[in-house]
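Subject: Structure handover

Hello,

Here is the structure I promised to pass on. Please open it alongside this message.

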Amino acid sequence: MTFASSDPSIASPLPPPSAARLDALRAGPLAGLDAFAQDLFFDRLVARWPRLTAPLWQLYGPSGSAPRDADAAVAWLDRLIDRAARAYAARSGDLRRLDALRADEPDGLRGADQIGYIAYVDRFAGTLEGVRARIPYLRELGVTYLHLLPLLMPRPHPNDGGFAVADYTRVAPRLGTMDDLERLAADLRAAGIRLCIDLVCNHTAREHDWAQAARRGDPHYASYYHFFPNRTLPDQYEPHLFEVFPQIAPGNFTRVPEINAWVWTTFYSTQWDLNYAQPAVFAEMLEIMWMLANRGVEVLRLDAVPFMWKRVGTSCQNLPEVYAVLQGFRAWSNLVAPALVHKAEAIVAPADLMRYFGDGASTGHGCGLAYHAVFMGALWDALATGRASVIRTVLARMPSPPANATWVTYARCHDELAWAFADDDLEAAELDPKPHRDFLGRFYLGEHPMSFARGELFARDPSRGSWRIDGTLA
């Protein structure tokens, strides 16, 4: 069989694997597969080679954002191919058939008949086995997409609702096991329902094995995080950074007494930000994605992706390298498990949000799904004001996603209610942004005389006119 690259829209900095390299894969990690399955992997590898290599060279090549020596970068990429081949070889025949089906239906998630349901496992059904028992109920509702909130092994409480992950390879014991997750995914798939789970890719819990090794002084695992020997660099970063939880977790850095250093902690002191300038972190996270996809998970909600790259003098959100990381995730996931879809949890301004679908020549090669947080906020604006001016304005001004991606439009989720529309959207609707946000905040706290709401204040930043309100759709 002859293999040739089929993507002229983007150039690869490297030649595709040689015939000898493919033969080595055939005799090595792919040896247990038949010739057809091997050739399918090779076809993807060569045809998608530019998409696989370009974002990684942008990040880790000799002139990249986190440059490596050219020979070292090529060797690392070669090892990544071996890891991908092993993950592909471990994928079941049923899941390979699903990959083929999804390739024939690339717009499957775009249909108006797609209905999502989001729940915590314990609140909805106690355990993963309990969720399996409720699949007929979900079908009765017409659900085609089930998002189960964090279920991988977290640190002990407090654990940010499960978003402080201590082990990506295990389910929280009170919810079940990885085998339970695999059985649930298979039964959902048979019922026409895609399973989505959270993958926290910006940070780990400080109890994670990588963090524990770093605390013991292992330099390799210390490079997985952002450590600083003193406050000099943190103090240069801090003035430009957004405080996610200013009342309960101020600042973005936490001192680690055992190693007399500071570590980057965007969210809480128990959640250490990962360092994607270290290519091993990219490879580790990718291998976790492949493992979950091989368990039958079809959608991964990538948590807190705007924060995944750091640069002094910036807000360390929505940097170009973030988009390169996500394009790399998609390309390498498509190599192993094309049925897997990435959903960007990026609650950011509209101009930044569109880039999570891919940027420039890579438009349509980033995440396949993104939250339409602007639409969600505008819905609640319309309920509070009794007017449609804001929702009409933001929808008219919002670009459409690429043809191979789509929005997740939603009424509420587990996160607080915030107002993601930009000031110029409000001004275009003939509203003064700060007073209008103040009105919305007070309305949903139940402080306005005409309010129907009973929300609770999660956080407020008066300087930004920012109100973040906790509350359910009910």
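Below is what was found in it, beginning with the ground rules.

This is a predicted model, in which local features need pLDDT of at least 70, side-chain atom pairs count only at pLDDT 80 or more, and totals for chains, interfaces and linings use all residues. Residues are numbered from 1 along each chain as its sequence is written, and side-chain values use heavy atoms, with hydrogens and water left out.

First, the sheet. Helices (H or I, at least four residues) and strands (E, at least two) are DSSP runs, numbered from the N terminus. Two strands pair if DSSP finds at least two bridges between them. An open sheet is built from 7 parallel strands, in the order E1-E2-E5-E11-E12-E13-E14. Its edges are strand E1 (116-119) and E14, each pairing on one side only. Neighbouring strands are turned by 25° against each other on average, direction ignored. Axes here are lines fitted to C-alpha atoms, for helices over the stretch in contact; angles run from 0 to 180 degrees between N-to-C directions.

Within this sheet, strand E5 (residues 194-200) and strand E11 (residues 299-303) share 5 bridges in the parallel sense. Leu199 has Leu302 in E11 as its bridge partner. Helix H13 (residues 279-294) lies across E5, E11 and strand E12 (341-344), at about 155° to E5. Contact means heavy atoms within 4.5 Å.

Next, an antiparallel pair. Strand E15 (residues 456-461) joins E16 over 5 bridges. Strand E16 (residues 466-470) has 4 of its 5 residues buried, so it is largely enclosed by the rest of the structure. Buried means under 20% relative accessible area, exposed over 50%, partly exposed in between (1.4 Å probe, protein chains only).

Now the rings. Rings of Phe, Tyr and Trp (its six-membered ring) pair if their centres lie within 6.5 Å; planes under 30 degrees apart are stacked, over 60 edge-to-face, the rest tilted. The count is 34 aromatic pairs. One of them, Trp419 with Tyr444, is tilted: 5.9 Å between centres, 35° between planes. Trp419 sits in the loop between strand E14 (406-408) and helix H18 (423-428), while Tyr444 is in helix H19 (residues 433-444), 25 residues apart. Trp419 is buried at 8% relative accessible area. Tyr444 is buried too, at 3%. Ring pairs link both into a cluster with Trp380, Phe421, Phe439, Phe443 and Phe452.

Last, charges over rings (NZ of Lys or CZ of Arg within 6 Å of the ring centre and within 35 degrees of the ring normal). Arg96 lies over the face of Tyr88, 5.0 Å from the ring centre. Arg134 does likewise over Phe124, at 5.3 Å.

Best wishes
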